[in-house]
Amino acid sequence: MNSGLLIKNGRVIDPANGLDQKCDVSIVEGIIAEVREKIADRGRRDCNFAVIDASGKLVVPGLIDIHVHFREPGDEEEETIASGSAAAVAAGFTSVVCMPNTSPVIQNETDVEYVHRKARQARKSHVYTMGAITKGLEGIELAEMGFMAQAGAVGFTDDGRGVQDPAVMLRALKYATMFDVVIAQHCQDDRIAGKGVMNAGYQSTILGLPGIDPLAEEAILWRDIQLIKKTKVRYHAQHISTAGAVELIRAAKNDGLPMTCEVAPHHLLLTEECCDEYDTNFKVNPPLRGQKDVDALRQAVADGLVDALASDHAPHLQSEKELEFLAAPFGIASLECALGLYIKALIKPGILDWPGLIHLMTEKPAKVIGIDKGTLGIGKRADVTVIDPETEYKIDVDKFRSKSRNCPYHGWTVKGKVEKTIVGGEIRFEA
Amino acid sequence: MYWEKMKVILNCTQIERIIEDLAGRIISDVPAHSDIATIGVRSRGEVLAQRLSSRLADEFGKDVPCGILDITLYRDDLNLPQGVGQPQVRTTEIGFDIDGKVIILVDDVLQTGRSTRAAMDALIDLGRPMVVKLAVLVDRLGRELPIQADYSGYKSDAAADKLVQVRFVESDGKDEVVIE
Amino acid sequence: MKWHRKHLLGLRELSAEEIGYILDTAVGFEQVSTRSVKKAPPLRGKVVVNLFFEDSTRTRNSFALAANRLSADIIEFTKKSSSVSKGETLLDTARNLEAMGIDIVVVRHNAGGASRFLSRNIKACVINAGDGFCEHPTQGLLDVYTIRKIKGTLDGLKIAIVGDVAHSRVARSDMWAMTKLGAEVTFVGPPTLMPAQAERLPVKVSYCLDEVVEKVDVINMLRIQFERLGGNPFPSIREYSHYFGLTAERMKRAKGDILVMHPGPINRGLEIESEVADGRNSVILEQVTNGLAVRMAVLFLVNQAAAQRID
C-alpha cells in the first residue's frame, strides 16, 4: 500500500500551469498524481490517503526564496542550514537559495556539496546555493564556475559585494557563456558608496551618518547592462532598491536583454525615515530608500518587470546589532515573515492579486535559477504550501525558528498564515 | 465642601509701619559710621531690601547700597522631586564688595530657615562680610534649622500647612500679606 | 516653562523656548566663573564622566571645569585609557562605568546617534559632546548665547556658516538653534563639502563666500578637518583658502559690526587669517568663556530633571 496526501477543497493557484480554481490535489509517493475536482478519498486501490481539508485555504506550489544567507560554514551561531531551512518551511518555502558569502566562501564543488549534504540532513526545505564569481569574493580571480555548476550550484554571485572591476566582470560573463548559468550581482560601486550606512539624502544629513548614494547601485547596474549587451549571458540584478534601477531594467528588458531582477520585502515597505531612531534593525544593504523608490518598485512589480520576491534573509546576533548604528552589521532577517510582508505590500493595496503574487514566488523565481520547481504539474515532485489567506496574526520574532532576531517587523499585524508545508510529499511543517 | 478663603493679615498701612519699625531697630543697633548694605533674597526679599535701604540712607545721610541675591544654586532640595515648582537660576546682582561690611540680609518670610541657610552659603562664596544680620517681614513657626531673625516684623503663628504670601506694589501691584 | 529633559542629545528636538531657557540659565552661571570663589554646590556628590572616544582637549576641559565649578566629581575616560582598544563595545564601556555609580555621562563619539544609543541603554543622564557629524549641542548653544549676548537677539539676523558643512556637527547644531531663534542661515562652501539634499534643510546654500560675506551679521568659520576628509574634496589648501578663507581682504567687504566666530581650534592661515582671528570683530575667545557657563547650565538642568523622576 502506498501512502499519499490528498489536499481537498482548497483554491489551487498554480501559475505555471495556468490554474486558479477550487479543486483537489493528490500526492502519491512524493509526486503530484492528480489535480482535479472531486478526487475521491479512497479513489485509488493501491493507496492510503491522509486527507488535508483545505477549505478556505490556498493550495500553491511550494514557495521559493532565491536569496537567503544561512551563514554555514563559518558563522553557525547566527544561523545554520538546519535552523534556516526549518525557518523556511515554517514560512511556507520549500526551496531556498543560499548566498556564497560564508566563511570560507562557497567557491568549489566540495563547498556546494557541503551545503546540499547539510540540507539533506536537516530534512526541511530544499536548499540550493549560488557559488562565488571570484575567489574569496575578492573580485580578482574567477572561481571554479564549471565544477560548481556541475555540483548543482544554481547561479553565481559575489553577493555581499559587487564585482568592482569591469574587466573582471566582463571576463566572468564571457566565461559563463560556456555554461547555462545565471550571473547575479549585488550592484554596488564601493567607491561611490564609501563608508555609507544608510541612503544618502536628507535623513542621513540630519542623522549625521555617511550615506550611500543611489548612484552606487545604478552605476554598476548600468555598467553591467553594457557588458550583457555584448556577452548575452543570463544576468540577475539582486535586491534592486531605487527608482533609477527600475528604469534601467525596464529599458534593458525592452531591448530584449536576458535580464531578471528581484526585490526584497523591506524595499517594498520601509523607507529611510525608519532609521530616525538609529534602530539597527533598519540597517540594511542596499539601504532603505525614499518613498518614491518604494512606489517605483511597487509599480515595477505591477508592471511585471520584477522576476522574483526574495527576502535577503540576513541573520545576525543580538550582540552584533546592539552597537551604534555606524558600527552594526547590515541585514534584516525576515525569511520567516516574508509571506505576510509581501501580502501587506502588494495584495493589500491591490498591486497584485493572489495568482500574481504566487507567480512571483514560484514559477518566476524557479525560472531565474533554472530549477524544476514552483509547479504543481502532474509528475512533478510534490512541493506544496497550504496558506490561510484571511486570518490576521501578529509577527512574533521570539517564536522564530531562525536563530536570529534582527527583524524590525516584530508586532506587525499581517495576513497569510502558512498552514502546511509539504516537501517531496512529506509534511515538513504544520501550524 | 469647604472653600478655603484667602485672608489678609496685613494691609499696606500695617506693612508700612512694620518696615518703619524694622528700619528703626536696625538704626539703633548699628553704629552710624558702619559700612552698611542691604541684600535681598530673590524674589520678594529684594523689594523689601530696597525699601529698607532707602530708609536707612535717609537716616544715616549716606548711600546704603542694595543688592539682590539668587539662592537657587545653594538650595538643599535641588535633588528632590519638585512637584509643581521648579526653581530657575537667575542672576545675583551685587554691585559692591561685601568684604568687611555690615550686611543686612533681607527676606520676606522666615519659616524653615532653609532659604536663609542657602543665602548665607551664597554670601560666603561672594566674600567675607564683617557681620550678617537677618531682617524679615514675617516670622513664622516651623524652623527646621537653628536659625533666627535679628529683626522680625510680624510674628505669625499660622499652621505649617498654610501658605503666607507677601505681596508688594513693585512686584504684585499691591502691598499686602495674605494667608491661604 | 519646566525643564524636563534628563538628556541633551541634540538641538533638533528642542523648542525655541527650551533653548531660550538654557541660555537664560547660563546667564546666572556666568557670574560663578568671574567671582573669586568659582564654585557653587548644586552638583555636590554627583559623579560626571567625560566619556571621550575622540580626541578633544578643548571640549573635554570645558566640561571638566564646568562640572568642577558645580562641585561634582569627575572621571576622565578617553579612548586610549580604557579597554576600548581591546574591542569593548560602547555599550559595555558605559555599563561598566554605570556599575560604579555615575550620574551624568558626557560623551563624544565618532558615530552619529551614539549618545542617543547610550541614553536608551543606561540610567545616567547623557550629554552629547559631539556624535559623528550629527550634533554638538553645547557648541550650538554657546554660539547662539554669544550672539545673543552681543546683539541682543537672533531674530532677523543673517548668519553664514562656512566650511566643511557636510561633516560638521557644529554646523548642524548651529543650524537648528539659529533658525529656531529666528535667524536666517546660509551654508557656504564648495559643492563637494555640502551635505546630501542640503536644499531640504532650513538654510540657504552658497558656493561664493564673497557674495555672502557682505550681507551677514555673523560669520562662523568651521575648521577644515583633514583627519575626517576621505578622498580630496578640494585640490589643495591654497585653492580652498583662496575661495573660502576669511582673509583680512575679504573682511573689508563685511559689515563693520560683523561677529567673527570659530568653534576652534583654528587653522591659522587656512580657513581664517591670523589678523582676522585676533581682530576686533572676533569673538572666538568669548565663545570659549561662554562655553563654560552654557555647559554649567546644561549639567545643572539635566541633573535637576533627573531628580524629578520618581524612579
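The model is a predicted one, in which local features need pLDDT of at least 70 and side-chain atom pairs count only at pLDDT 80 or more, while totals for chains, interfaces and linings use all residues. Residues are numbered from 1 along each chain as its sequence is written, and chains are lettered from A and ligands numbered from 1 in the order in which they are written.

Chain A has a cis peptide bond too, running from Asn285(A) to Pro286(A) with omega near 0°. Pro286(A) belongs to the loop between helix H9 (266-269) and helix H10 (291-302) of chain A. As background, most peptide bonds are trans, and most residues other than glycine have a negative phi.

On the phi side, two residues of chain A are worth a look. Glu29(A) is not a glycine, yet its phi is positive, near 55°. Its spot is the loop between strand S2 (19-28) and strand S3 (31-36) of chain A. Arg71(A), not a glycine either, has a positive phi of about 55°, and is part of the loop between strand S6 (63-68) and helix H1 (81-90) of chain A. Are these two buried or exposed? Burial goes by how many other C-beta atoms, placed from the backbone, lie within 10 Å of a residue's own: 20 or more means buried, 12 or fewer exposed, and anything in between partly exposed. Glu29(A) is exposed because it has 12 other C-beta atoms within 10 Å. Arg71(A) has 26 of them within 10 Å, so it is buried.

Zooming out, chain A carries 14 helices and 17 strands. Its C-alpha trace spans about 65 × 45 × 45 Å along the principal axes. A compact globule of 431 residues would have a radius of gyration near 22 Å, and the 21 Å of chain A agrees with that; the radius is taken over C-alpha atoms, and the globule rule is 2.2 Å times the number of residues to the power 0.38. Of the 431 residues in chain A, 57% are buried. Two residues are in contact when their C-beta atoms, placed from the backbone, lie within 7 Å. Taking contacts in chain A between residues at least 6 apart in sequence, 75% join residues at least 24 apart.

Chain A also meets chain C, with 18 residues of chain A in contact with 24 residues of chain C. Helix H6 (residues 202-207) gives the most to chain A's side, namely 5 residues. That side divides into 10 nonpolar, 6 polar and 2 charged residues, where Ala, Val, Leu, Ile, Met, Phe, Trp, Tyr, Cys and Pro count as nonpolar, Asp, Glu, Lys and Arg as charged, and the others, Gly among them, as polar. Chain C touches chain B as well, in a contact that takes 16 residues from chain B and 17 residues from chain C. The chain B side of it comes out as 7 nonpolar, 6 polar and 3 charged residues.

Chain C itself splits into domain 1 (16-135 + 288-308) and domain 2 (137-285), with bounds that come from an automatic or database domain assignment. The C-alpha centres of the two domains of chain C are 26 Å apart, and 21 residues of domain 1 are in contact with 19 residues of domain 2. On the domain 1 side, helix H1 (16-34), strand S4 (125-131) and helix H11 (284-308) of chain C each supply at least two residues. H11(C) gives the most to this side, with 7 residues. By type, the domain 1 side has 11 nonpolar, 6 polar and 4 charged residues.

In chain B, strand S8 (residues 176-179) pairs with strand S1 (residues 7-10) in the antiparallel sense over 3 bridges; pairing requires that DSSP finds at least two bridges between the strands. Within S8(B), Val177(B) is the bridge partner of Leu10(B). Strand S7 (residues 164-167) of chain B also runs antiparallel to S8(B), joined by 4 bridges, and here Gln165(B) has Val178(B) as its bridge partner. Asp175(B) is in the loop between helix H4 (169-172) and S8 of chain B. Asp175(B) counts as buried because it has 20 C-beta neighbours inside 10 Å. Leaving out residues up to four places away in sequence, Asp175(B) touches Cys12(B), Ile15(B), Arg167(B), Phe168(B) and Val169(B). The C-alpha atoms of Asp175(B) and Glu16(B) are 8.8 Å apart, although 159 residues separate the two along the chain.
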